[in-house]
Amino acid sequence: MQEPRRIWWARPRKLCALERPGGGGRSHRPDRRAAEIEYLAENGVRTVVSTMTTRHNLADYERAGLRWHHYPVAATADADDALEELLALLRRELRG
């Protein structure tokens, strides 16, 4: 188990933001990914929202027992609208 790099807890054990577990691009390490996903699961994370344009790590989240949503955001200019849509989706999910 390894604490992810660049993790920020907005609300401890409730909401955090972090880079892709295992790092990105050429620096990605599968062993680091597994250790960081284990850390997330052990520290109360139940749902992962990926905003990457690719589907990297989604199967790994599922294997770890984490729910996930893939909500790709191509550019930061699109982030405001994407966040509103995502929040609406999560609200519907919580109700139903």
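Q: Is Asp60 buried or exposed, and what is its relative accessible area?
A: This is a predicted model, in which local features need pLDDT of at least 70 and side-chain atom pairs count only at pLDDT 80 or more, while totals for chains, interfaces and linings use all residues. Residues are numbered from 1 along each chain as its sequence is written, and side-chain values use heavy atoms, with hydrogens and water left out. Buried means under 20% relative accessible area, exposed over 50%, and partly exposed in between (1.4 Å probe, protein chains only). Asp60 is therefore buried, its relative accessible area being 18%.

Q: Which residue meets the side chain of Asp60 in a salt bridge?
A: A salt bridge is a side-chain nitrogen of Lys or Arg within 4 Å of a carboxyl oxygen of Asp or Glu. The partner of Asp60 meets it at 3.4 Å, N to O. The pair links distant parts of the chain, 27 residues apart, with Asp60 in helix α2 and the partner in helix α1; helices are DSSP runs (H or I, at least four residues), as are strands (E, at least two), numbered from the N terminus. The partner is Arg33.

Q: What is the length of the polar contact between the side chains of Asp60 and Arg63?
A: A polar contact is a pair of N or O atoms within 3.5 Å; within protein, one must be able to donate a hydrogen and the other to accept it, and residues adjacent in sequence count only if both atoms are side-chain atoms. Asp60 lies in helix α2, residues 58–63. Its side chain and that of Arg63 are joined at 2.7 Å.

Q: Which residues are linked with Arg32 in a network of salt bridges?
A: Arg32 is buried, with a relative accessible area of 8%. Its side chain meets that of Glu19 at 2.5 Å, N to O, and that of Glu36 at 2.6 Å, N to O. Arg32 and Glu36 both lie in helix α1, four residues apart, about one turn of the helix. The network links Arg32 with Arg6, Glu19 and Glu36.

Q: How many salt bridges does a search of the whole structure find?
A: One of them joins the side chains of Glu19 and Arg32. Another joins those of Asp60 and Arg33. The search of the whole structure finds a total of five.

Q: Where is Pro30, and how far apart in space are Pro30 and Asn57, C-alpha to C-alpha?
A: Pro30 lies in helix α1. Pro30 is partly exposed because its relative accessible area is 49%. Pro30 and Asn57 are 27 residues apart in sequence, and their C-alpha to C-alpha distance is 9.7 Å.
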